[in-house]
Amino acid sequence: MEIVRPQSRRNFLSSSNDAVSVPTIPLYRSAPSLEVRLEEFESFAIDRLRVLKGISDGMSRGKKPEEMENLVKDLWKVNMRHQHASDVLNKDIISHFVLRLVYCRTEDLRKWFLSMESSLFRHRFRVLNAEAQRAVMEEFNLPYRAVSNVEFESIKEKLGQVARSMGQPAPTADAIFYRVPFEEVPELVAGRKVLISQGYAYVAMNQIVSLIATLFRSQLSKTLVLTNRKWTSSIREQEKHRLTPIVEALCSSYLGPDYSQSREYADISLKDIDQVAKNSFPLCMRHLFDKLKEDHHLKHGGRMQLGLFLKGVGLNLEDALAFWRAEFSKKVGLEKFEKQYAYSIRHNYGKEGKRTDYTPYSCSKIISSTPGTGDHHGCPYRHFSEENLRAALDRMGVNSRAMEDVLDKARNRHYQLACTLTFEALHGVPCDAGINHPNQYFSDSKKILQSKQKDSST
Amino acid sequence: MIPQQEPDFNLNHLKLYYGKLFPFADLVRWVSYGNDGKHPGCDQSYLGRREFSFTLENDIYLRFQSFNNTLELENSVKEKSPVKIDIGPVYSVDPAKRYAYAQGENNVFAPVERELIFDIDMTDYDDVRYCCSGADVCLVCWPLMTIAIKVIDTALRDDFGFKHVLWVYSGRRGVHCWVCDRKARRLSNEQRGAIADYFRVYKGNENSHKKVSLTGAALHPFLATSYTNVLKDYFEKNLLTGQNLLATEERYEKILNMIPDESIASELRGRWQDSRRSSSAKEDINVVRWEQFKQVLQSGKHKAQGLRRCVEEIVFSFTYPRLDMEVSKHMNHLLKAPFCVHPKTGRVCVPIDPNRCDEFDPTTVPTLSQLIEELNYEGSISDIDGELNRTSIGNAITLFRSSFLQPLLKACKEEIENSYNLKLQQSKNSLGW
Ligand code: SF4
Ligand SMILES: [Zn+2]
């Protein structure tokens, strides 16, 4: 991709004509050989960023799959149009590659970008027509053939059994299934999520979607690392006066879901906090909370993780100071607290400085932290021994049935899923969007508890 | 250290067995998969990259042995008289020379092919058999192995489409399964793990009393078929009475504990405590109680309460195959070769015909001393096939050849020819182009 000064717009993608006739999704395999005007470089990227951030917000709000589908459709329509229809594809590709540059630079950025782009891809793929879907599948080297009507009829009953075994409705006559050599879908085989007969797995369309999304994700994940290498080894320096400032500025507009100010469930007050912690804190925060009450002290990592979380759930500055003071003074004395600790709490609430630092930590940030001895921050699903995790879950009130599933997920390093299952076990309500952020855990929990309260009071 | 030998196992006998009876040629033809032929598509290095390992009588363990032909294997075995021969994977290079290759930069020493294997051992069933425990087996608990063979064999063939499946008695208390299709041999560890997990229904650990958990509105077709075709019948017609699963309080308590609803459990408990006094000796008490159990659990009033699966869960707990998952998941696991003699029991690891596995009787499998006696009986005759036919291992070898080896080699030959022709075709095309 070549970035050019304004005005000199010349031959764009040579394939743009085909692209119009077959509406499909680019796989962004290699940077396009096309020229981009500097202002488009930035404006395209911002437009795409709006889409990704919208997705991220939707996910952390716990939107259901159908709702997400509509959301993504709208976001795309609003932000990714271009006055020349033929340039839509170019905008798509350019914006992707620019953001790739922006988000390749740290592990956290890469993770966020990866999951948002994969989600975007998944939703766009879903709504393609069968022909376009097949074209994408072929590009991924998945030359699967859809099961014919006759064949479908002959295995319909068994397909229904499989669906019902997973708690899903039996497939209808227009459902599309693909016949895939079983060894190509090991995860589906392992979970008995497909019918297997004579060496072939019968994979439902939505399962194909996750297969494709997984491929897309792993491809993007690899290239992001490469992009990062290129960025640090050459691009950053070469583009120091032109692209680098833009890239860096684009990045600081990164927020992820913004939990820095709580709106919906604002104002938890100090007197409720014990109760609220017990009912609605995720395990990571519950653990810090309990440890603080026990030891009257937390090390820096723990103070940051819990402190910003509390800010996010709506504890105002005054209460926050009172809260920390009440505990810390028991151990270090009032004076030392005011001298050493109060400042940083105020600072967390302050608006100056780079704001990203004062945003409550997301799960991925917490999970990738590395607590040392004496530290209590981090994600218990990842950082606890199995025994300790079991005991902690037990204290939370997770029943023995759910316990094994949770531990199993944790063992397989699906920490957020383990957390989601815990959430579901404790609230008795499914959490389809999964847990991505401790503050999301909190607000989802509050929502459920409030609606339960309403139910029981009417 | 002086090895402890059972009376049925004697090193001199073992030497004689290797000298006169052990089917080296059949074994080598099998693991060569047609590559020992003359066709230009044969991979002449194939056999030599296969790991064998020997356990010698003084517990010395020789890994990474490799052989280029039957004679080499035969000579080495006769010389060393291993009490156990294991077969490992085919590696990227000759495992005996792996150090030499390790010097080179790009040559990784790694397994490239391995049969998909399963190891099922009776000791894993100790909580569901009351006849014997640990290393012992008898005809009362052996049906558990028969069930395992039926369930796994059917799924390997019908679900996964494999054709060349060899079942072997492990010589003591279990069975081994070798899936030898080309596709099976080339599965990655992840794919092996997926198949093993497909077969897995047990969850949790010793502490959770219900090990099998079947949720969802239906059973997956594989589990459903296994249940209706194999598990249910074996449970009701064989194990229930054979193992006396409900005969005593201690035993039925174990089953009652698997009912999630305490009130139902106590209802049954009440009935069974009474019936102990009033039971007429006519009908088997296990059968009577099982019928009551099913009736209570499946009666209309409990159906809706998530108890429907309970009967099935119990049947699964007491019958469903228990695989040693680790063995199946990794390419580099070693497994004892067929026709070895088990050093503790002296029994030969003979193949089992999956189609007639219910007839298999582990207590009548030929032993080393029996074979030697048969061998001595007629004096010395030099013709090897004659020796085989005279002894009771003859049938086992015939079965190995006719039901497994011949169809396998036929398929291998075709595969080798086809892939050779394909390659030829491709190279022609690329030349023309
Ligand atoms: S998954 Fe997220 S919310 Fe749950 S405990 Fe871990 S870090 Fe906290
Ligand atoms: Zn027994």
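A search of the whole structure, which is a predicted model, finds zero disulfides over all chains. In chain B, the sulfur of Cys180(B) lies 8.2 Å from the closest cysteine sulfur, that of Cys177(B), which is too far for a bond, since a disulfide would need the two sulfur atoms within 2.5 Å.

**Cysteines of chain B**
- Cys180(B) counts as buried, with a relative accessibility of 0%.
- Cys132(B) also counts as buried, at a relative accessibility of 14%, because the cut-off for that class is under 20%.

**Confidence in chain A**
- The average pLDDT of chain A is 82, and 88% of the residues score at least 70.
- Within chain A, the highest confidence is found in strand S5 (residues 195-197), at 97, whereas the lowest is found in helix H1 (residues 16-21), at a mean of 38.
- Over residues 5-22 of chain A the pLDDT stays under 50, and for this stretch the model has 24 contacts beyond four places in sequence.
- Residues 351-357 of chain A likewise have a pLDDT below 50, and this stretch has eight contacts in the model beyond near neighbours in sequence.
- Where pLDDT is low, the predicted coordinates should not be read in detail.

**Helices H3 and H4 of chain A**
- Helix H3 (residues 65-80) and helix H4 (residues 88-102), both of chain A, have axes that come within 11 Å and cross at roughly 100°, so that H3(A) is roughly perpendicular to H4(A).
- On the side of H3(A), the contact is made by Trp76(A), Asn79(A) and Met80(A), while H4(A) contributes Val88(A), Lys91(A), Asp92(A) and Ser95(A).
- Sorted by class, the residues in the contact of H3(A) with H4(A) are three nonpolar, two polar and two charged.

**Loop residues with positive phi**
- Arg413(A), although it is not a glycine, has a positive phi of about 65°, and its place is in the loop of chain A between helix H19 (400-411) and helix H20 (415-427).
- Arg413(A) is exposed, with a relative accessible area of 63%, because exposed residues are those over 50%.
- Asn244(B), another residue other than glycine, has a positive phi near 50° and sits in the loop of chain B between helix H8 (221-242) and helix H9 (249-256).
- Asn244(B) counts as partly exposed, at 31% relative accessibility.

Terms used
Residues numbered from 1 in each chain as written. Chains lettered and ligands numbered in written order. Predicted model: local features only at pLDDT ≥ 70, side-chain atom pairs only at ≥ 80, totals over all residues. Heavy atoms only, no water. Helix = DSSP H or I, 4+ residues; strand = E, 2+ residues; numbered from the N terminus. Buried < 20%, exposed > 50% of the residue type's maximum accessible area, 1.4 Å probe, protein only. Axes fitted to C-alpha atoms, helices over the stretch in contact; angles between N-to-C directions. Parallel < 35°, antiparallel > 145°, perpendicular 65-115°, else oblique. Contact = heavy atoms within 4.5 Å. Nonpolar A, V, L, I, M, F, W, Y, C, P; charged D, E, K, R; others polar. pLDDT = per-residue confidence, 0-100.
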